[in-house]
Each structure stands twice: as structure tokens, then as C-alpha cells.
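Here are my notes on the model, jotted down as numbered points. Have the structure open while you go through them.

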Amino acid sequence: MKLLDIAFKDLYRSFRNAMFLVFGLLLPLLTAGLFYFAFGGSGSGDSEFELPLTRVVVVNLDRPSGGFAAGESFLGILRESIPGVLQVTEARDWATARQAVDHQRAAVAVLIPAGFTTAALSPDGESVLELYQDPTLTLGPGIVRTMVNGFVDGLSGSRIAASTAYEQISAQGVVPDPRQIEAVALQYAAWVTSLAGTDLDQAAQSLNPSLFDLEPATADGQQSSGTVASILSQIMAGMMVFFVFFTGAATAQSILQEEAEGTLPRLFTTPTSHAAILGGKFAATFALLTVQVVMLVLVSSLVFGINWGPPRAVALVIASLVVLASSFGIFITSLLKDVRQSGIIYGGVMTVMGMIGMIGVFTAGAASTPAAVRQAALIVPQGWAVRSWQLLLDGAPVAQILVTVAVMLVAGIVLFATGVLRFQKRYA
Amino acid sequence: MKNDLAIKTQDLYKEFGDIHAVQGVSLEAQSGEILSLLGPNGAGKSTTISILACLLEPTRGDALIMGHSVRYEPMAVKSALGVVPQEIALYEDLSARANLRFWGKMYGLRGAPLERRVDQVLEVIGLSDRQTGAVNKFSGGMKRRLNIGIALLHKPDLLILDEPTVGIDPQTRRNILDSIKELNQSGMTVLYTTHYMEEAQELSDHIAIMDLGKVIAYGTHEELVKIVGEMHRIDLSLSARPEELLQAWQATEGVHQVTANVTEEEAALDVSCTVLVDDSNRVLPCLFESAGALGVRVTSVQIQEPNLETVFLHLTGRGLRD
């Protein structure tokens with residue numbers, strides 16, 4: 001009972017402490033919030049993400065053949081695939097289109113040559129689609145280039161379909177009718193054309209992915225938004241771990257503070273066991289960190305739209321983070337002689353450890369980072385905590401998360417036991 | 001059953017490595033009395049109190065509080081004790097009431113009895129009208145009162161106060177001394193440590209004078225003063241170095257002890273001497289005569305009747321505040 005009285009008193013004091021509110025809750029959210037707004041307020045795949053408008057000038061010299069117009073089809077895809085991102089206009093000739101790019105009235109110009117459809121339908125036909133872009137721009141022209149590649153792939157598929165039909169008919173000992181072959185190619189081309197403006201994700205899953213290289217720039221820019229959400233989630237996870245470890249240490253430090261203020265020796269003069277006094281203070285540390293982590297997860301989920309993962313897995317990672325950070329706080333505080341030493345430890349050692357632990361966050365977007373550098377984060381407890389959140393965010397298998405969680409819990413128990421023994425010896 | 005002896009220490013020792021903080025302290029205090037531990041800083045008073053409050057384990061010996069051993073029954077001892085530490089030990093961000101409520105719980109009080117007792121203590125320490133205000137907004141005197149109030153919550157048999165008047169204004173000091181007398185009159189045993197002999201003289205039924213970890217004298221005020229008999233204490237200030245003069249004074253009839261303290265700051269010499277004599281009226285002219293003969297000018301003289309300071313000086317050759 002007295003243990004709980006001490007824990008409640010410590011919690012009450014912590015919640016009234018502006019330092020906890022600022023460093024424990026506000027700063028992690030503020031840091032993630034800065035990134036959130038820097039990326040245009042995009043935290044999840046569901047929210048709006050504004051890509052800059054790309055003006056495209058198309059010169060279409062192609063004419064229909066056999067009821068199919070490849071040039072017109074491509075124009076349709078450009079116009080309808082990403083409304084609001086690509087603004088497509090037509091120009092009479094190539095020189096005018098290039099001039100529009102040169103004067104920065106358009107980001108990219110596309111020339112669909114005459115005979116494009118015929119070449120596409122002919123087994124040996126050749127045709128060249130020309131692109132002319134503003135060299136200072138990358139995103140808009142990149143999207144158009146991707147779409148061109150995708151469309152050309154589709155046409156290549158059409159040609160392959162025709163060749164396959166030709167070979168199969170020949171294999172049956174029948175001389176292929178050119179009109180039959182053209183009909184197959186047209187059928188394939190019509191199917192490709194029908195994909196424009198439909199759910200390309202679904203199509204990509206059921207068909208050759210190379211045909212749908214447009215996916216990176218799908219309607220609403222969801223892929224880009226998802227990347228931003230991923231970065232934001234990583235930053236939030238890193239900030240959470242960084243500050244939660246500080247809170248753990250600062251809360252455990254209240255033991256030293258009470259010693260310096262005389263209230264701890266005074267507690268020892270009351271008929272309260274040392275176990276209840278220290279246990280109460282440790283319980284307060286665990287409880288405070290639980291509140292902190294749960295609040296950070298909930299608030300970041302609601303405000304930034306971060307999807308942390310399945311609730312049970314999230315609960316598991318929260319529990320292991322709380323155990324590890326609290327135990328680490330108790331352990332490191334048990335090494336200190338007095339409150340004055342804590343300034344050096346918290347300001348220097350823990351900041352460095354936190355930074356090492358966040359290597360995984362800093363290098364999240366850099367695929368070329370050597371594995372050894374990423375593994376270096378695991379030399380500090382913070383690194384394991386960050387890793388557990390990253391696995392969760394990456395949708396890693398439960399078994400993989402469990403291994404990390406197990407490491408955190410074992411490390412937590414060892415640190416806690418060591419810290420408690422040291423405190424017991426100190427106040428024996 | 002009420003124990004007649006509130007405190008009984010038996011040959012207590014406490015050593016910190018090579019430092020012998022307490023050396024064979026044996027004391028007794030009857031229930032309902034005020035016992036003061038008087039001595040300069042470093043005399044071992046606080047260490048002795050820490051042992052009695054079960055904060056420190058004695059290296060040797062034992063102490064009984066209300067019949068309970070500090071070694072073997074610390075919880076029973078703690079339940080019987082109310083300890084007022086020398087430094088203010090409060091949660092300053094909490095209110096006076098929240099402080100009392102928390103500490104009351106630590107002494108095992110709960111529910112309605114706790115709330116009633118908190119109200120009573122707030123009344124006793126005169127903080128009823130400030131009970132909801134944060135302690136960090138209190139004056140030093142108010143904090144001192146609350147610091148004492150906490151130790152009264154569970155109506156302890158023995159109240160231990162460790163130099164509660166250090167560094168406070170005269171009015172607060174007066175209030176604290178009056179409160180201690182009232183508590184004692186209500187039947188509470190008090191163990192009081194101080195290095196102010198006036199406080200020990202005013203409050204105590206018995207006084208133990210401590211120095212260098214030992215009890216060098218124990219008794220009532222009158223008994224202690226008798227140690228130095230009817231000796232008077234003469235404090236003198238001199239204008240020159242006193243080596244020869246001290247020898248002359250020491251040889252004077254009626255002089256029992258001569259001590260001197262010489263300080264020199266920015267070429268200004270400050271020499272103060274204390275002389276214990278049988279009869280100041282008879283000896284003082286001889287002291288002046290010796291000083292004149294050696295060309296030393298006496299710049300001030302103060303004569304004191306025998307008191308605890310004189311006793312300490314007589315026993316140790318040093319003043320209480322040296």
C-alpha cells in the first residue's frame with residue numbers, strides 16, 4: 001500500500017512538472033510535427049499529397065490503323081491517369097512544342113511520330129517517341145517518361161501477342177491470315193488501352209508488372225505519400241525512443257533528488273520498508289513511461305496518421321520499450337553519486353547513446369548504408385528499441401519482432417536487477 | 001505498557017573508515033523529559049541521532065527506544081519516533097496538506113483518522129489557512145513549522161529534533177522553542193540537539209555535552225555548572241600578542257585556565273583571551289596590572305557567571321562555537 005502511495009506521489013509530481021510535459025511529450029511530438037509539416041502535412045496514404053502540376057505538350061502525328069490509334073490512346077492515358085498532376089495540351093508541330101518547353105510554358109514535350117500505330121501493329125515495325133524536357137525539372141518529366149515507357153511496353157506486349165498468335169497458327173499447319181494476326185494485336189492493344197484510368201494496382205498484380213511501370217506515379221501520388229509517411233513514422237519512433245530513455249533516467253533520478261532534498265532519508269525514518277520506498281519509486285518510473293509511450297503512440301497516430309501496426313504487436317513493443325527504458329534509467333541512476341553527476345550523464349552520455357541508437361532512423365532512406373553501420377546501433381539499448389519499432393512499421397513477421405522484444409526484455413531485467421541491487425546496497 | 005526509559009544507549013560506536021564519529025556513547029532519558037545533546041559541529045550529535053532514528057547502524061553497541069532495539073526492531077523504533085531533520089525535508093511543489101497527508105500515510109495513517117490528524121497538526125503549526133498553498137511559496141519559518149508538524153502526525157512517544165533552529169530568525173526560533181515546551185508538557189519525550197547553550201539551558205531536563213564523538217559530561221544544568229564550581233569567565237581583547245602575558249596570567253593566584261585566540265587580518269591584530277577565575281572582582285585588577293607591566297593594552301572586558309559554555313571550555317579548552 002505504501003509502495004503505491006509513494007508511486008502515486010511521484011507520478012503526481014511528475015505530471016505537474018513542466019519539464020516532463022515539455023521533454024516527455026511535447027518535444028517528441030513537436031519534432032515529428034516539424035517533419036510532418038515540412039512534408040506538406042502528409043502522414044498516411046489516405047491523406048492528400050500535392051504533387052506539382054506538370055504541363056505536357058504533345059504533338060500527335062499518328063493516324064489510326066485498322067480501327068486502332070496508338071497515339072490517341074497514349075494521349076488519353078496522359079490526360080486521364082493523373083488528373084491534377086499532368087496538364088496535357090496539343091501542339092501542331094514539334095518546333096512549337098519544344099519552344100513551349102524552352103520558354104518554360106511546359107515541363108516536357110512528347111512527339112508521337114506519324115505511323116506510330118502501324119509500326120506498333122507490324123511485327124517488324126519501328127517507331128521512335130521523342131521526349132523533350134526542361135533540364136531543371138525532374139519529377140514531372142520523370143512521371144511522363146515512366147508513362148511513356150509503360151505504354152511502349154504495352155505496345156511491345158501487343159506485338160508479342162501477335163507474334164505468339166502467328167507462331168501458334170503456323171504450328172497447327174495453317175498459313176496465318178495477316179488480318180487474324182492484326183486482330184489479335186488490336187485486341188491486346190484495346191485491352192491495354194482499357195487499363196488507362198483503371199486501378200493499376202490490381203492490374204499490376206494480375207499481369208506482367210513491367211507493363212505497369214506507371215505505378216510509382218499512380219493517381220493521387222499515394223506512393224510518394226506512403227514514403228513520406230514511412231519517413232515520418234521512423235522519425236517519430238526514433239524521437240519516442242530517444243526521449244523515453246531520457247524520461248526513464250530523469251524519473252529514476254528522483255531517488256537522488258529526494259536524497260539531496262532530505263526527503264529520502266526522512267522516508268527511511270518512517271516505519272516503511274526500504275523495499276516499499278524503492279519499489280514505489282521504481283513503480284512510478286514504469287507507470288510514467290507507460291503513460292508517455294502510450295500517449296505518444298496514440299497522439300502520433302491520430303495527429304500524423306501513423307499506422308504503427310497490429311495492436312497486439314504494438315502493445316508488446318510498448319511493454320518492452322517501457323521495461324527497457326525504465327530499467328536503464330534505474331541502472332544508470334544507480335551508478336551516479338549525486339544529482340550533480342546526472343547533468344554530465346544525461347547531457348552527454350545519454351545523448352550520444354540516443355544518437356547511436358537512432359542510426360537506423362538516420363540511414364533508413366539510404367540503401368547503400370553498410371550493414372555494419374546499421375548493426376552498430378545495436379550496441380546501445382536505444383538501438384534495439386528503435387529496431388523493434390522499425391520492424392513493426394515495416395510489417396516484419398511476428399517471430400522477427402519477438403526476437404527483438406525478447407532481447408529488450410532480457411536486457412531490461414538484467415539492468416533492473418543490477419540497479420536495484422546497487423540501490424539496496426547503497427541504502428542498506 | 002509505557003516504558004519509563006524512553007532512550008537508553010549502551011556503549012554506542014560508529015566508525016566511517018578511520019573516522020570515529022561516535023565513541024562509546026551511553027545515555028539515558030526518562031519518558032516525558034527533554035534531553036539535549038550539546039556540542040560543537042562535528043561532536044557526533046547528528047550521528048548519534050541517526051543511529052537512534054535507524055538511519056545508521058551502530059558499529060558496536062545498541063540503543064533502545066521505548067524498549068525497542070535499533071538493531072533488531074527498527075520498525076518498532078521508527079513507529080515510536082518522530083524525527084525532525086536539521087534541513088527542511090518537504091516536497092516543496094506540493095501543498096502543506098498534501099505533504100502532511102503523504103507523510104501521514106508513511107506513518108500508517110489512513111482515511112478519516114488521517115484527515116482528522118492532518119487538520120489537528122495544521123492547527124498546531126498554525127498553517128490551517130495556508131494548507132492548500134504550495135510549500136515553495138512559504139516563508140522559511142512556515143517551512144520550519146511544517147517540517148516539525150510532519151513528525152507529530154502519528155503522535156510519537158519520542159520526538160527527535162536535530163538542530164531545528166539553525167539559520168532562522170529570532171521570532172521563528174522563539175516559536176519553535178515554545179512549541180517544543182508545549183509538546184513536552186503534553187507528555188512527549190524530546191531529544192534535542194543544538195550547539196546553542198542557551199537553548200539547551202532553557203529547554204532541557206538533562207543535558208549531554210558531546211565532543212569528538214564522546215559524551216564528556218551529563219546531568220541537569222545545575223549539575224553541569226557545578227563541574228566548574230563557582231568559576232567566573234572573563235573574556236578580554238588585547239592590543240598585542242599575548243605569549244608572555246598568558247604565562248603571567250596563568251601564574252596569577254585565583255586563575256584556573258587561560259586560553260587565547262589570535263587572528264590577523266590586513267595587519268590588524270585581533271587577540272581574544274578567556275580566563276577562568278575563582279572571583280573576578282579579586283583577580284581582574286591583577287590581570288590588568290600584568291598587562292600594563294608588559295605594555296599590552298586591554299581593549300575590552302566581559303565577565304560571565306558560570307554557564308554551559310564555561311563548562312565546555314573547562315572540559316575541552318575550546319569554546320562551543322570554536
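1. Helix 17 and helix 18 of chain A are roughly antiparallel to each other (angles over 145 degrees count as such). The axes of helix 17 (residues 381-393) and helix 18 (residues 398-426) of chain A cross at roughly 155° and come within 9 Å. Axes here are lines fitted to C-alpha atoms, for helices over the stretch in contact, with angles from 0 to 180 degrees between N-to-C directions. Helices are DSSP runs (H or I, at least four residues) and strands likewise (E, at least two), numbered from the N terminus.

2. On the helix 17 side of chain A, the contact uses Pro381(A), Trp384(A), Ala385(A), Arg387(A), Ser388(A), Leu391(A) and Leu392(A). Among the helix 18 partners are Ile401(A), Val405(A) and Met408(A). Contact means C-beta atoms, placed from the backbone, within 7 Å. The residues of this contact split into 10 nonpolar, three polar and one charged; nonpolar is Ala, Val, Leu, Ile, Met, Phe, Trp, Tyr, Cys and Pro, charged is Asp, Glu, Lys and Arg, and polar is the others, Gly among them.

3. A word on ground rules. This is a predicted model, where local features need pLDDT of at least 70 and side-chain atom pairs count only at pLDDT 80 or more, while totals for chains, interfaces and linings use all residues. Residues are numbered from 1 along each chain as its sequence is written, with chains lettered from A and ligands numbered from 1 in the order in which they are written.

4. Chain A has 18 helices and four strands, and 42% of its 428 residues count as buried (20 or more other C-beta atoms within 10 Å of a residue's own, all placed from the backbone). Of the contacts in chain A with a separation of 6 or more, 77% join residues 24 or more positions apart.

5. Now the largest nonpolar core, with 161 residues; a core is a set of buried Ala, Val, Leu, Ile, Met, Phe, Trp, Tyr and Cys residues joined through C-beta atoms within 7 Å. Helix 9 (residues 222-252) of chain A gives the largest share, 15 residues. Val241(A), Leu321(A), Ile65(B), Leu158(B) and Ile160(B) have the most contacts inside this core. Leu158(B) touches residues including Ile7(B), Ile65(B), Leu81(B) and Leu191(B), leaving out those up to four places away in sequence.

6. Finally, the interface: 16 residues of chain A are in contact with 18 of chain B. Helix 11 of chain A supplies the largest share of the chain A side, five residues. By class, that side has four nonpolar, five polar and seven charged residues.

Notes. Parallel < 35°, antiparallel > 145°, perpendicular 65-115°, else oblique. Contact = placed C-beta atoms within 7 Å. Buried ≥ 20, exposed ≤ 12 C-beta atoms within 10 Å, placed from the backbone.
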